[in-house]
Amino acid sequence: MASKRYILQIFVLMFIFLPFTNSIHFKFPSIFNFGDSNSDTGELISAGIESLEQPHGQSYFQIPSGRYCDGRLIIDFLMDAMDLPFLNAYLDSIGIPSFRKGCNFAAAGSTIQPASAQAVSPFSFGVQVAQFIRFKGRVLELLAKGKRLYKYLPAQDYFQKGLYMFDIGQNDLAGAFYSKTYDQVLATIPTILIEFETGIKTLYDQGARNFWIHNTGPLGCLAQNVAKFGTDPSILNEQGCVSKHNQAAKVFNLQLHALTKKLQGQYMDSNFTYVDIYTIKYNLISNYSKFGFEQPIMACCGFGGPPLNYDSRIACGKTKEINGATVTAKACNDSSEYINWDGIHYSEAANQYVSSQILTGKYSDPPFWDKMPFLLNLKF
């Protein structure tokens, strides 16, 4: 068990000690993040829409932290690599949260398209952008009143100098499969990306100039989707993932990449970085044992046992009566052996691996592998 952790740490250190020829400063004073549960650090929980119980947070925070994970998310590792504190959720109101270094608007269950009445989260991308505008306006009002709150709020120039991060779109695709055919899902992608482009342009008009855009991961490899759509083995690929879900993600990513290139050409005074999360995650799932993992798809925290340990009727940490018996969705003995935490979200160990790959720069467009900016301050 411990040796598996060392394998991952050694793998990360390999990148740390690569030559730093032509390295540059890659420092941002603040980060403003938009997304879904992949980067939600407490927004949906702060809104009181859902609650998380133990064992969420057990691997790092020791208590539920508002994250749908046993510990840290990809964004937490990236913040750490940039020597910045973890982002507080926009709706955090307890404990005098500091927004000096940025703010997180991401909320679990969020979509790019406007939320429906049945949606888990009302905080669609457009709403998150509106929250940012409200946040910025209020910050500037408070800064104008004096220096008393300076240590809690971003400086005025942080809004232009900061990095705007995005990891959203997964729920648009995954949710569409419940009511649409594969071809119909593909047909929604242009509309989804028009909505995304509108949000990006609004942020640009608000002064944003540095954009960091994650694409969507392999949806078909999530235990939730395998359980629902993968009952016929013929529709699974060689890794046990639902083929059409993955293909839809690839089509979405191709169009998202094209949009990113278009925006870069349109806004020459800005920087757009597209990050290929799909390839990183799929490589991990395909070669899981190489990186010290035991289970590529099965959930660590869930109910039902192998092969998926996932039951849509009961979420991680919850207790419920099913088929006349009271059951609890409990965690596995060692979450570092699992890529998937709860059937939908990745474990901290998997998030750490994904982060290490992002930080190589070779999965980005434009790539920054020859500059290695983040790796100077890694604390993994």
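Which residues lie nearest the centre of the largest pocket? In this predicted model, they are Gly109, Val120, Asn171, Gln224 and Ile344, out of 45 residues that line the pocket. A pocket here is an open set of points on a 1 Å grid over the protein atoms alone, where a 1.4 Å probe fits and protein lies on both sides within 12 Å along at least five of seven lines; lining residues have an atom within 4 Å of a point. As for the ground rules, residues are numbered from 1 along each chain as its sequence is written, and side-chain values use heavy atoms, with hydrogens and water left out. Because the model is predicted, local features need pLDDT of at least 70 and side-chain atom pairs count only at pLDDT 80 or more, while totals for chains, interfaces and linings use all residues.

The volume of the largest pocket comes to about 1,100 Å³, taken as the space filled by probe spheres set on the points, with grid points joined across faces, edges and corners. Its lining splits into 19 nonpolar, 19 polar and seven charged residues (Ala, Val, Leu, Ile, Met, Phe, Trp, Tyr, Cys and Pro count as nonpolar, Asp, Glu, Lys and Arg as charged, and the others, Gly among them, as polar). Helix 6 (170–176) and helix 8 (223–229) each supply at least two lining residues, and helix 6 gives the most, with six. Helices (H or I, at least four residues) and strands (E, at least two) are DSSP runs, numbered from the N terminus.

Now for the domains. The assignment, automatic or from a database, gives domain 1 (27–288 + 350–360) and domain 2 (289–349). Both give residues to the lining of the largest pocket, so the pocket lies between them. The C-alpha centres of the two domains are 23 Å apart.

Helix 11 (residues 348–358) is mostly covered, with 11 of its 11 residues buried (under 20% relative accessible area; exposed is over 50%, partly exposed in between, 1.4 Å probe, protein chains only). Ser39, in the loop between strand 1 (31–35) and helix 2 (43–46), is buried too, at 3%. Beyond its neighbours within four places in sequence, Ser39 has contacts including Asn33, Leu73 and Asp167. Val127, in helix 4 (residues 125–143), is partly exposed at 31%.

Methods:
Contact means heavy atoms within 4.5 Å.
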